[in-house]
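Good morning, and thank you for coming. Please look at the model on the screen while I speak, and follow the residue numbers as I name them.

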Amino acid sequence: MADPAVMAGGFSAIVGRSGCGKATSSPAENYQLARRRTLQVVVSSLLTECGFESAEKATVESLTEMIQSYISEVGRCAKAYCEHTARITPTLSDAVVTLNEMGFNVDTLPGYAKRSQRMVITAPPVTNAPVIPKALIAGQKRTHPSHIPSHFPEFPDPHTYIKTPTFREPVSDYQVVREKAASQRRDVERALTRFMAKTGETQSLFKDDVTAFPLIAERPSSIPYLSALLPSELELQTLEETDSSEQDDQTDSENTPVNNLNDDPGADKENSVLLAGGVVPSVKVSEENMIDNPYLRPVKKPKVRRKK
Amino acid sequence: MHEVKMNRKKDKGFESPRPFKLTHQVVCINNINFQRKSVIGFVELTIFPTVVNLNRIKLNSKQCRIYRVRVNDLEAPFIYNDPTLEVCHHESKQRNLNYFSSAYTAAVSAVDPDAGHGELVIKVPSELWKQGDEMNVLKVYIEFSLDQPKGGLHFVVPDVEGSMAERGAHVFSFGYQNSTRFWFPCVDSYSELCTWKLEFTVDASMVAVSCGDLVETVYTHDMRKKTFHYVLPIPTAASNISLSVGPFEILVDPYMHEVTHFCLPQLLPLLKHSMSYLHEIFEFYEEILTCRYPYSCFKTVFVDEAYVQVSSYASMSIFSTNLLHSAMIIDQTPLTRQCLAQALAQQFFGCFISRMSWADEWVLKGISGYIYGLYLKKTFGVNQYRHWIKEELDKMVEYELKMGGVLLHPTFGGGKDKDNPTPHLHFSIKHPHTLSWKYYKMFQCKAHLVMRLIENRISMEFMLQVFNKLLSLASTASSQKYQSHMWSQMLVSTHSFLKSISNVSGKDIGPLIKQWVDQSAVVKFFGSFAFNRKRNVLELEIRQDYTSSGTQKYVGPIKVTVQELDGSFNHTLQIEENSLKHDIPCHSKSRRNKKKKIPLMNGEEVDMDLSAMDADSPLLWIRIDPDMSILRKVEFEQADFMWQYQLRYERDVVAQEESILALEKFPTPASRLALTDILEQDQCFYKVRQGACFCLAKIANSMMSTWTGPPAMKSLFTRMFCCKSCPNIVKTNTFISFQSYFLQKTMPVAMAQLRDIQNLCPKDVLNFILDLIKYNDNRKNKFSDNYYRAELIDALTNSLTPAISISNEVRTVDNLNGDVRLILEEITRSLNMEKLLPSYRNTITVSCLRAIRMLQKNGHIPSDPSLFKSYAEYGHFVDVRVAALEAVVDYTRVDRSSVELQWLLNMVQNDPAHYIRHKILSMLGKNPPFTKAAESPLCNEALVDQLWKLMNSGTSHDWRLRCDAVNLYYTLFGLTRPSCLPLPELGLVLNLKEKKAVLNPTIKPEQGLDTTEMTGNTMGVHIPVMGFTSSLDEGLITMETVSSVSMSSGVAPPPQGLKRKLDSVVGPLGSSSPEPGQVLQEEDTSKKFKIRFNTVEEDEIDMESPHDSQAFIHHHLNILERPSTPGKEPPAVDQAVLSLPVTPLPSSFGKESTSSSKHSGDHHHHHHHHEHKKKKKKKHKHKHKHKHESKDKERDSHAFSNSPASGRSVRSPSMSD
């Protein structure tokens, strides 16, 4: 649960501006807004230092962006260096290496820090550090076994890698289960049918009170046998669960008639190429099934009509 | 008329009723328009004349619009006359069913292809028949079209967006028996075989499936369509040709690559699953018949709105798409397999082997039904098989006892209608097309049962040898060329079948055939017994009832099985004329030593608790005819403990089912225990256990006051299907054991039939069922629970009892009973859920609709048909529609609503789905709004007229529907004049003047009038003079030879209603009791006079049956002219029409009268004039004039129908004058 929040935070820290324009109120956003403002102040003061009297807002923004990227990059690299050496907290040397790596001469840094015209910048206002949402603790975390040093990170929650315990004991009393299943189904059915009855046309058994036992009005269908003969989707599901082997050969031979039908409209007049194309699939079929059945044979072309 | 085909003793070979032989037919349908529902095409029949100078060709064709006919490239004139379009051609107020039935039979006979007739008569151009003795091949080319066919072809065009293929539009042929004439001209007979070339040009996105081998598929030049070329080299009857066209998905059977399955778009996964076992059925039949499937390919097509579930044609079968199912469906699986097995059995017997005549139909239906039974036995087990046999036997016996006999092999000797073999029926069994549908079903049922009896007699091995012989003969014949007369070997006749049997088995099964095939009716036994302790003899008494309708006397052997303490013993008794009692010696002494195990029939030895039995008797149980080797009903009396032993220990499911039925009458704790034990026994056949559930419910209700413990079956159900830890909750569904599944479904339904002292369903039971619904959990099940849930709703329905009625109070929500409210809530919720998650075949909707109707009927909610009517509309799944219609039919009866009756009848006339139309009429017949026995406000003249019109002309496109309408008419009004009709005016006036009113006189004049009217119009095969023979006997003596059916059709009892009405009319006039004698005599004399007149005329003028049809035909052509010639009339046709009256046509080439030659010239002349007159006069006048003649003619055609065809040569010149 914690991870996504962190990720989101990190993401917006790098992208920076994305959260800026919008008035947001989450603590994490506030925290970042405050820091960004400080960065803007830094940029502005540097500009003043360099002798600018004013700057366009966009310029300041761009510079802020650049400086933020730079700092972020330094941080990221330093972290990488430190992790590379199997530590979790960056040290000074990590920072130095990083800066060197990025082409920054570290030796100039102390001089620059002590320059005379530097301006003092107030620390960013104290805002509540973004609260990292606490991960839901499920179960007892394992302690490190003896061969793992204690500074190593803790094991994650057991449910993430051992098993996820359900949070309630299942009701084991058969009678109650059946009772519940039955009444649930009945409730659903009743609600559903009532809804259908309310929203659609109904027929009634009583003349005095048409709403008493509403029957969903029958609707004649143009092809009534389809719905009466084909299993409903619900039933099909059950069937699939119990028996899935049949499905395969079903699709297999369904192709047969399809092929046969397909080559009818596909075949074009006087186009011998297409005609050959039309024959191919049925040849395939016969190869596959080795069935010689007159109904699977290709339809013949009419004989060329003699001109009268 | 029927001598050729009916007489099996004389005629062994097949003799065609036609003067030509059809050898080959081309059917080419080059345009099928789904938008307009029309079809254009042509046929070409290649025929060989078998006589010199063949000048007339009769073909069958209905509803086709024929543009031109050519014979060998010469334009040929033709007439098209379909007398079945309108059976009675005049506005008769008679409305008498007897009259209609005979007229209808006459009409069907007049175009019967089995007798060589047809609707389409083509005159062979004289250039061709004058060629001399040489008999050349004739090619008859007929161009035709169909526009919105009402029968024969069915278009299904869903009303959605997209192209026809995307919409799933399809068309298929259908019909009841030989109905191919509805969609192309042909010889529509099962006995006229020929080879076929079939071509269908359809849209490129569609597939045309038809009979025979698909030779090639070719694009048309514009590449928009393709033509399917089929060749059927096996000689096949036109009636076995079919077609279906649609955007079908194609599945080649993975096991048999020559078998292809077709289904509508999106259903392929279902098709795959449903067809996955077809190859097993193939293997089974091929193995038992030791014969390969006769055709080189087989196709199954699944279509929507099918006419019947299964219909078989040569090398293809058309099924209802509703038979398809996924792997999750349990209940439909066996049903679909059974349908496939039936279809395949009919491929061998019915399609490949065809029948010689209608009278031989039973052989084919019998064999296909029989081998289907063998398949059932092999696949579903002996229990299922025996259960099925019992079920079929019971069904058939019940029908025969009610309706009075089903005749498998009718013989119509001498062509006289007098020997109507089934006078008890209100329809003729002479033709398949006049049969009631129910009768035909029972006919099929009886046919296969009789085959089983034959098997019992000659052994199954011989039986299969006979089938194999028939098949191999047919296969040899099928590969022959047409010149040889071998093709008739592919036709089976009763004679050839019986001959095969005697050749193969060497046994004489004559008596068996005589008893069950040549004779209708079944046997009804009553059995009882006494044990004579002194002689140690079982005195068995078997009585028969052979006097009531549908029964016959049985003489011969009967098997009786007696289970004694020492074992089971079979005895064959001889049932003779006068012996009722049979003494059967017992093998075992009554038992003291009870330790020994008791051997059963199957060799098993079991321990029994013998304390229940009679200490003096060694008899455990007795069974009469245990193998069902007689078509019978047995009512046997034995003590309750014997039935209980039989139920527990007899291993035959039939015996178990019989004992369950018997135990209903013994509501005792012992019966209860026996039934519960059976319920718990999981080795017991599940259908027996299901039966035990219902029996237990009945017993529990009878034992209400002494019943102890929880409601019947509740604890049993709990133990079997509920959780151990919480007995009130049902286990989650798995349905792994199907036996348990079926029991689980049935038990709640049976339990809901329980009643307490107040005659209410016990609260316990209702809550129990509600809990079952509530806790039903199908999530872990690989099968669907739709049938189970539907049955739980059925259980709720069963639990309903009539509401406590507060007189005539309107049912409102507020005064709804609490339990009913709960039930209603379940139903509402289930029905609503179906809209969101529809179940397979919408079984739950169906159950809910039934439940709602039950709620209405019991007065819980207001009775209102509007909900059902909306569900019955076109556009719902067919099962739902049928359920809704059933409710409307029920409402119509209970509320006597004429509005709903009209609505139903309207749907019968207009609904697109043929099955629904049929179903409505049969449901109305089953649950009639009123019957002939009772008065009803619904019974009025308008209804009579409407129904009359429906059967007279409204249903001419569908044989089955017409017969349904006849059935309904019979149920509502009976055979005679409907009682609600106003009395005939003339008769009434006359009688009032004389102050004499009796039933007969009032009707008789009508009768007379009627004869006069009708004869002029029917094709006139005979004159039906209905019913009232008792009074007319004297007058009709001369007539007797003339009109035959009429006389034998029996004396109809005077309708009650009519009598009553008459009385009320006469009453106020203060007349004394009427004197029927006087009036009667008067009437009689007038009648006599008329008849005499007829006889005189008849002597003078010898007319032939075709002539009287002339007027009718002409009349018809006038009517036909409009529809049959769209736009500009081709001159050829015009001429044909005009020239016709000048050349009257013989209707039966083979059977013309010898004596007619001399008079015929005269007569033609006379007739000729008539025709001319007719043009000037108005039609009805003409009709009237015509009446006598036609009657006589008609008689003539009968009288001479047996004589050989000899008058033709003499006559033909006269024809051309």
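Predicted model: local features only at pLDDT ≥ 70, side-chain atom pairs only at ≥ 80, totals over all residues.

In chain B, residues 24 or more positions apart account for 73% of the contacts with a separation of 6 or more; a contact means heavy atoms within 4.5 Å. For chain A, the corresponding share is 43%. Residues are numbered from 1 along each chain as its sequence is written, chains are lettered from A and ligands numbered from 1 in the order in which they are written, and side-chain values use heavy atoms, with hydrogens and water left out.

Let us turn to burial and surface. Of the 1217 residues of chain B, 63% are buried, and of the 308 residues of chain A, 22% are. Here buried means under 20% relative accessible area, exposed means over 50%, and partly exposed lies in between, with a 1.4 Å probe and protein chains only. The accessible surface is about 44,700 Å² for chain B, with 53% belonging to carbon and sulfur atoms. Chain A exposes about 22,500 Å², and carbon and sulfur supply 60% of that. These areas come from the Shrake-Rupley method with a 1.4 Å probe; for residues, only the protein chains shown count as cover.

Next, the secondary structure. Chain B has 38 helices and 31 strands, and chain A has 11 helices and two strands. Both kinds of element are DSSP runs numbered from the N terminus: helices are H or I with at least four residues, strands are E with at least two.

How are the strands arranged in the open sheet of four strands in chain B? The order is β27-β24-β23-β31, with mixed pairing; two strands pair if DSSP finds at least two bridges between them. Its edge strands, β27 (581–585) and β31 (632–636) of chain B, each pair on one side only. Within this sheet, β23 (residues 523–532) and β24 (residues 537–544) of chain B run antiparallel and are joined by eight bridges. There, B:Phe529 stands opposite B:Leu540 of β24. In general, the strands of a sheet pair through backbone hydrogen bonds, either parallel or antiparallel.

An open sheet of three strands, also in chain B, has the order β26-β25-β30 with antiparallel pairing. At its edges are β26 (567–575) and β30 (619–624) of chain B, each pairing on one side only. Nine bridges join β25 (residues 556–564) to β26 in chain B, and B:Pro557 has B:Gln574 as its bridge partner in β26.

Now consider a single residue. Is B:Leu59 buried or exposed? Because its relative accessibility is 1%, B:Leu59 counts as buried. B:Leu59 lies in strand β3 (residues 56–59) of chain B. Leaving aside residues up to four places away in sequence, B:Leu59 touches several others, including B:Phe20, B:Leu45, B:Val140 and B:Cys186.

I close with charges over rings. The charged end of B:Arg337 sits over the ring of B:Tyr277, 3.8 Å from its centre. Likewise, B:Arg960 lies over the face of B:Trp437, at 4.9 Å from the ring centre. The rule requires NZ of Lys or CZ of Arg to be within 6 Å of the ring centre and within 35 degrees of the ring normal.
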